[in-house]
Amino acid sequence: MNYLSTRGHPDRKRFCEILLEGLAPDGGLYLPDHYPQVDTATLAKWRNLPYAELAFEILSLYIDDIPPADLKAICAKTYTPEVFGTEEIVPLRELEDGVYLEALSNGPTLAFKDMAMQLLGNLFEYELARRGAELNILGATSGDTGSAAEYAMRGKKGVRVFMTSPDGRMSPFQQAQMFSLQDENIHNIAVTGVFDDCQDIVKAVSNDLGFKRKYRIGTVNSINWARLLAQVVYYFAGYFQATASNDKPVSFTVPSGNFGNVCAGHVARMMGLPIQTLVVATNENDVLDEFFRTGIYRVRAAADTHETSSPSMDISKASNFERFVFDLVSRDAAKLRSLFVDELGGQGRFDLSGDPAFKQAAERFGFKSSRSTHADRLATIRDTDKRFATLVDPHTADGLKAAREHLAPGVPMVVLETALPIKFAATLVEALGHEPARPARFEGIEALPKRVVKLPADAEAVKAYIAQNCD
Ligand SMILES: *Cc1c(COP(=O)(O)O)cnc(C)c1O
């Protein structure tokens, strides 16, 4: 399998070459040069496979530069009941007639990002050992991504994590999750500033090419193809659980921010998984909902990006969206470049409303969308508790609300549960008047010793800290 850039760079690369890379050299995103097709006979073979074996089958179609036995071992080591809590790994349950919740949040940090990040940790360790190389991951987080990355990389050989976060601005639970890690290769850096300061520091350090090369700085952000690929697997697993045979369509609703999760659904659908509709659920930061309603993609300014009660979806632009638009414009790289480089780069927006391609988003690719407000999420959390004795987190509530707007008779609707409610306890208290139950392994984590350094919002200070801790 070869990978190409959405912006038309002539190079073709193999999976392990792009595994440790971010953007393509021309600023585009990597995609496979074709989507392998899965026929009914293959679906039939896969239907009853355990999750780790299903993961191996799907990954094998995209990864041909890791020997199969090694890839199989990596999948088996990643997707275990010990790490993800159940044999099914992503158990599905029916909430009401035709509406299902697929549990993706029973990994180490209680959010769906573990599904991909745990695999990435094992792939990184494998590939770095094979190359005899090291990697220092530098990141910025306001919650979910940082903790998922730290739990995936803790104790891994050849990898260090330097994770910046805005001092005092994460929830006490999220702080405790990250800062209680005592592993030597994990470095928490609390920056006196806001999340944007952290992101600016990461950018400044990455733009210092000399430093970047000398200290082998890398990232694990959501544009990484391996993360997206790992997420394709649970669309198949959800499909098999929601149906009894492979001729039945299923729809998915996906709480969305950077368009990573739902882009994996798009890939599964392109491979031939019978997905009828992919519902993109957004909060008040409705960049994506606006596009799917109007054909206009408009990046928001920082001042127009709202802080909401589903904070992991608070985005000003959707960093994986370019992958879908590439398929939408029939993989015409020149057209893609004019949209993302000329128009988006110039005016911060592009308009496909008059373009025949836009119609394809719904008609050919099955996309629909909705948005929710804080009041909608509170109402959904209360209603789900009252009618089904089930607690959902605010992101999953976004999804449930959107799902109900796009139900079709006879087509199961699977809502992806992207976090457990305990991660967003304050909103649950606001909705219900009490805290959600906490899994036993997180009892009392706020009282554990914390491993964190405090640094000013200054890239030089962060560079000095990295240099000191790399030997
Ligand atoms: C990251 C995240 C999302 C958004 O996922 P994308 O892949 O960025 O669309 C939604 N919910 C939760 C809880 C998350 O952590």
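**Entry 1: the domain interface**

I looked up the salt bridges across the interface of domain 1 and domain 2, and the rule finds 1; a salt bridge here is a side-chain nitrogen of Lys or Arg within 4 Å of a carboxyl oxygen of Asp or Glu. I then noted that the side chains of K423 and D144 meet in a salt bridge, at 2.9 Å from N to O. Helix α11 (residues 225-242) gives the largest share of the side of domain 1 that touches domain 2, with 5 residues; helices (H or I, at least four residues) and strands (E, at least two) are DSSP runs, numbered from the N terminus.

The model is predicted: local features need pLDDT of at least 70, side-chain atom pairs count only at pLDDT 80 or more, and totals for chains, interfaces and linings use all residues. Residues are numbered from 1 along each chain as its sequence is written, and side-chain values use heavy atoms, with hydrogens and water left out.

**Entry 2: domains and buried area**

I took the bounds from an automatic or database domain assignment, which gives domain 1 as 92-109 + 225-432 and domain 2 as 112-221 + 448-468. Their centres, taken over C-alpha atoms, are 27 Å apart. In the contact (heavy atoms within 4.5 Å) I found 18 residues from domain 1 and 22 residues from domain 2.

The two domains bury about 1700 Å² between them, 61% of it on carbon and sulfur atoms. Buried area is the accessible area (1.4 Å probe) that two parts lose on being put together, summed over both. On the side of domain 1, T109, R227 and K423 lose the most area to domain 2, together 42% of what that side buries.

**Entry 3: strands**

I traced an open sheet of 5 strands in the order β8-β5-β6-β7-β15, with parallel pairing; two strands pair if DSSP finds at least two bridges between them. Its edge strands are β8 (217-218) and β15 (453-456). Within the sheet, β5 (residues 135-140) and β6 (residues 159-166) pair over 6 bridges, and L138 stands opposite F162 in β6.

I also checked β3 (residues 92-96) and β4 (residues 99-103), which run antiparallel and are joined by 4 bridges. L92 has E102 in β4 as its bridge partner. In this hairpin, with 2 residues between the strands, G98 takes a positive phi near 85 degrees.

**Entry 4: salt bridges in the whole structure**

I counted 29 salt bridges in the structure. In one of them R154 joins D183, the closest N and O atoms being 3.1 Å apart. The pair links distant parts of the chain, 29 residues apart: R154 lies in the loop between α7 (144-153) and β6, and D183 in the loop between α8 (172-179) and β7 (186-192).
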